[in-house]
Amino acid sequence: MLLTSNGPRDGAVRDAMLDLLGRPTADARLVVVIDAILPFGGDNSTFLGHLTELRALGWAEFDILSLLATPRHVAEERLRAADVILGYGGSNLWLAHAWTSTGLDAVLRELLETTLYVGWSAGSMIFSRAQAAAVVALDDDELEVFGLDGTAPAVPLFDWFVLGHLGADYLPHQTDAWAAETATRLGVETWFLDDDSALVIRDPDAEPEVVSSGRWLRLGRA
């Protein structure tokens, strides 16, 4: 797994993806799971720009998939056909819901053994057992907004939590001080990644490997 803040578009993060993939993108099939962004209206130019940049990496096949908008057996076929599954950003709560409510979480759990998963922002956040606790700690109102009774990780793999966009100019409140306060409120080990940083996960029970040409923080470690 490669858990990124802002995608594998360039630099060390892209190189890490290619290393994990072990083949050129021209010989690999990518499926982008977009459910996390779909609840949000307004101008989606940034999303479309990100898709264009991803496509420019030269994949043999570039598939775009909504788990909730596709018949389950068809979605499963498309997931199994991919060499890379990329979970795009938006709402981690809605993305986890998309996996669990369709029953495709079981497919994802199986595919993680053989298929490279790349998380992009919220797509990196759906594997933490602290997901429900984070709703309270982060004052997240998305459960109410989306009409969800609760939340759980798509696949529970980690006790720690990951948050992206540290120091991003488009989220000016996400400073080092914000990170320290947030880690305290979460009460679990938390990785804060800037947009040039990512975590490589080869074994969910082992230490993540940091890949970065930017800045990151690891706070709340016992």
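In the predicted model described here, Phe 192 has Leu 217 of strand β10 as its bridge partner. Residues are numbered from 1 along each chain as its sequence is written, and side-chain values use heavy atoms, with hydrogens and water left out. Because the model is predicted, local features need a pLDDT of at least 70 and side-chain atom pairs count only at pLDDT 80 or more, whereas totals for chains, interfaces and linings use all residues.

Helices (H or I, at least four residues) and strands (E, at least two) are DSSP runs numbered from the N terminus, and two strands are taken to pair if DSSP finds at least two bridges between them. The pairing of strand β7 (residues 190-193) with β10 is antiparallel and extends over four bridges. These strands belong to an open, mixed sheet of three strands, ordered β6-β7-β10. Since β6 (161-163) and β10 (216-219) are the edge strands, each with a single partner, one side of each is left without a neighbour in the sheet. Neighbouring strands of this sheet are turned by 15° against each other on average, direction ignored, where axes are lines fitted to C-alpha atoms, for helices over the stretch in contact, and angles run from 0 to 180 degrees between N-to-C directions. Helix α8 (residues 176-186) lies across β6, β7 and β10 and runs at about 155° to β7, contact being defined as heavy atoms within 4.5 Å.

A second open sheet, also of mixed pairing, comprises seven strands in the order β3-β2-β4-β5-β1-β8-β9. Its edges are formed by β3 (61-65) and β9 (209-212), each of which has a single partner strand, so that one side of each is left without a neighbour in the sheet. The twist from one strand to the next averages 20°. Strand β8 (residues 197-200) runs antiparallel to β9 and is joined to it by four bridges, with Val 211 of β9 as the bridge partner of Ala 198. Helix α1 (residues 11-21) lies across β1 (2-4), β4 (84-87), β5, β8 and β9, at about 165° to β1, while α3 lies across β2, β3 and β4, at about 145° to β3.

A nonpolar core is a set of buried Ala, Val, Leu, Ile, Met, Phe, Trp, Tyr and Cys residues joined through side-chain atoms within 4.5 Å; buried means under 20% relative accessible area, exposed over 50%, and partly exposed in between, with a 1.4 Å probe and protein chains only. The largest such core holds 46 residues, of which Met 1, Leu 3, Leu 79, Trp 99, Tyr 117 and Phe 127 touch the most other members. At least two residues of this core come from each of β2 (29-33), α3 (72-81), α4 (92-102), α5 (105-111), α6 (131-137), β6, α8 and β7. Apart from it lies another core, of 24 residues, which includes Leu 2, Val 13, Met 17 and Ala 198.

Ser 124 is located in the loop between β5 and α6 and is buried, with a relative accessible area of 4%. Residues up to four places away in sequence being excluded, Ser 124 touches Leu 3, Thr 4, Gly 119 and Val 162, and its side chain reaches the backbone oxygen of Gly 119 at 3.1 Å. Ser 121, in the loop between β5 (116-120) and α6, has a positive phi near 55° although it is not glycine.

Key
Polar contact = N/O pair within 3.5 Å; in protein donor to acceptor, adjacent residues only side chain to side chain.
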